[in-house]
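The following explanation leads the reader through one protein chain, from its overall division to its local details. Please keep the sequence and the three-dimensional view at hand while reading.

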Amino acid sequence: MAHIEGPKGVPDYYPPVSRRFDAVRGHLVGAADRAGYGLIELPMFESTELFTRGVGESTDVVSKEMYTFTDRGDRSITLRPEGTAGVMRAVIEHGMDRGALPVKLVYSGEFFRAERPQAGRYRQFHQVGIEAIGSDDPALDAEVIAVGHEGFSAIGLTGYRIELTSLGDAACRPAYRELLQSFLDGLPLDEPTRERARLNPLRVLDDKRPQVQELLTDAPLMIDHLCADCAAHFAQVRTVLDALGVPYVLNPRMVRGLDYYTRTTFEYVHPGLGAQSGMGGGGRYDGLMAELGGQALSGIGYGLGVDRALLAADAEGLEVGTTARCEVYGVPMGEAASLELAVLAGKLRAAGVRVDRSYGGRGLKAAMKSADSSGARVALILGDRDLAEGAVVVRDLVSGEQRSVPLAESVDAVRELLA
Ligand code: HAM
């Protein structure tokens with residue numbers, strides 16, 4: 001029969017790479033946990049309207065990349081393409097915004113975008129994200145940026161930069177948008193680009209074609225047209241980042257792919273990733289909650305790409321997580337030994353030691369080979385003679401030294417070797 005393949009553009013993670021994936025995710029969640037963000041688990045599908053209203057109909061994410069279907073109750077459902085809109089929906093629905101502010105949440109999970117697959121761009125990918133809702137204190141912006149930086153640093157990553165800008169707010173962006181629009185109107189742009197400019201002129205700034213970039217050399221930039229409030233806010237964000245020693249570069253041409261951003265926006269960019277160099281990104285979204293029917297509260301957050309952080313760790317040649325499947329590998333010789341070893345493995349696992357063992361009455365040579373490839377530090381070899389003596393051979397797989405230990409003392413002997 002023909003075999004069935006996995007969906008296109010979706011990575012499978014299996015050992016040993018899955019252990020690296022898990023460690024990367026753990027570091028990113030850990031950094032948020034240390035800063036007081038509480039875990040939120042949300043559905044992977046929501047009503048389509050949440051994203052059309054929240055993320056914006058003119059964005060590529062909503063107009064071209066959503067997995068949308070009609071469910072059995074004739075409702076339009078979408079697999080979540082991002083996490084912020086869902087978090088906002090849940091905060092409003094459960095009245096989390098009626099308690100102490102800011103509400104600080106962290107999530108880790110799968111997101112879905114029907115993009116053209118390429119290296120680092122998948123149709124199902126994993127993000128660790130945080131959202132802090134209900135404060136526009138610039139110190140919070142700096143905290144969010146710093147927590148992402150701590151997560152990547154905990155993995156050991158060094159070869160990325162933090163890009164930062166401010167997109168202004170409802171007071172200053174409309175006037176800037178008009179200014180940019182009239183600047184673009186005066187350029188010899190092709191019709192599709194002109195159409196893009198009409199939909200959202202800011203997005204043209206992100207055009208990758210050199211001939212277009214050349215035309216844009218003198219384009220007006222939002223950062224030079226911030227209102228006094230936004231300029232002061234942005235200056236304070238930078239003051240706190242400087243005090244924290246978080247390095248960043250200004251990129252006033254940064255264009256984020258989602259419509260809800262206001263004021264502070266940022267990206268973690270890793271050049272080692274090639275074309276898909278965005279390892280994470282985020283920003284403030286001061287109008288989103290009201291747009292979704294909640295109070296007019298401001299918020300800020302980010303989404304960090306776990307898949308891409310893992311690729312970046314590969315590019316930097318980092319060891320992440322443990323490569324060993326277990327710490328101890330049991331090698332029983334014979335049926336009685338197999339039973340005794342099952343009991344011993346249970347005791348070791350209860351003591352917190354990671355144990356695997358060989359099965360099916362394999363010979364010593366084959367079983368020892370498995371012990372080596374498992375990455376275990378210690379082998380427990382149990383033959384009939386050992387059993388008769390009430391002992392087990394404890395072998396240090398690194399030094400090659402081994403000794404016979406009474407079964408009753410074996411758990412302690414193993415833990416001593418591992419310590
Ligand atoms: P985003 O920039 O669309 O932001 O995605 C954040 C990160 O998710 C990207 O920097 C990238 O690492 C990863 N990512 C996105 N698409 C893909 C893909 N197709 N394949 C692999 N990785 C991908 C957001 O999603 C916002 N919700 C972030 C945010 C939270 N802003 C405020 N709060």
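**Domains, ligand and local features**

The chain is divided into domain 1 (17–172 + 226–315) and domain 2 (328–418), with bounds that come from an automatic or database domain assignment. The centres of domain 1 and domain 2, taken over C-alpha atoms, are separated by 47 Å. The model is a predicted one, in which local features need pLDDT of at least 70 and side-chain atom pairs count only at pLDDT 80 or more, while totals for chains, interfaces and linings use all residues. Residues are numbered from 1 along each chain as its sequence is written, and side-chain values use heavy atoms, with hydrogens and water left out.

An unreviewed UniProt entry places the feature "domain: Aminoacyl-transfer RNA synthetases class-II family profile" at residues 34–312. UniProt positions are given here in the numbering used for this chain, feature names are shortened, and annotations may be inferred rather than shown by experiment. Over residues 34–312 the chain is 36% helix and 23% strand, and the end C-alpha atoms lie 23 Å apart. Helices (H or I, at least four residues) and strands (E, at least two) are DSSP runs, numbered from the N terminus.

Attention now turns to the ligand. Which of the 27 residues around the ligand come nearest? They are E82, E115, Y122, Y261 and G278, where a residue is near a molecule or strand if one of its heavy atoms lies within 4 Å of it. By the rule in use, a polar contact is a pair of N or O atoms within 3.5 Å; within protein, one must be able to donate a hydrogen and the other to accept it, and residues adjacent in sequence count only if both atoms are side-chain atoms. A backbone N or O atom of Y122 lies 2.8 Å from a nitrogen atom of the ligand. In the side chain of Y260, an N or O atom is 3.0 Å from a ligand nitrogen atom, and a polar backbone atom of Y302 is 3.4 Å from a nitrogen atom of the ligand.

The ligand taken alone exposes 660 Å², of which the protein buries 95%; accessible areas come from the Shrake-Rupley method with a 1.4 Å probe, and for residues only the protein chains shown count as cover. Two or more residues of the shell around the ligand come from each of β6 (124–133), β10 (278–284) and β11 (299–305). The most is given by β10, with six residues. The shell divides into nine nonpolar, eleven polar and seven charged residues. Here Ala, Val, Leu, Ile, Met, Phe, Trp, Tyr, Cys and Pro count as nonpolar, Asp, Glu, Lys and Arg as charged, and the others, Gly among them, as polar.

Side chains of opposite charge can pair when their charged atoms come close. With a salt bridge taken as a side-chain nitrogen of Lys or Arg within 4 Å of a carboxyl oxygen of Asp or Glu, the count comes to 23 salt bridges. One of them joins the side chains of R198 and E195 (3.1 Å, N to O). Both residues lie in helix α7 (residues 191–199), three residues apart, about one turn of the helix.

Some backbone details remain. Most residues other than glycine have a negative phi, and most peptide bonds are trans. The peptide bond from L101 to P102 is cis, with omega about 0°, and P102 is found in the loop between α4 (84–93) and β5 (103–112). D74, which is not a glycine, has a positive phi of about 65°.
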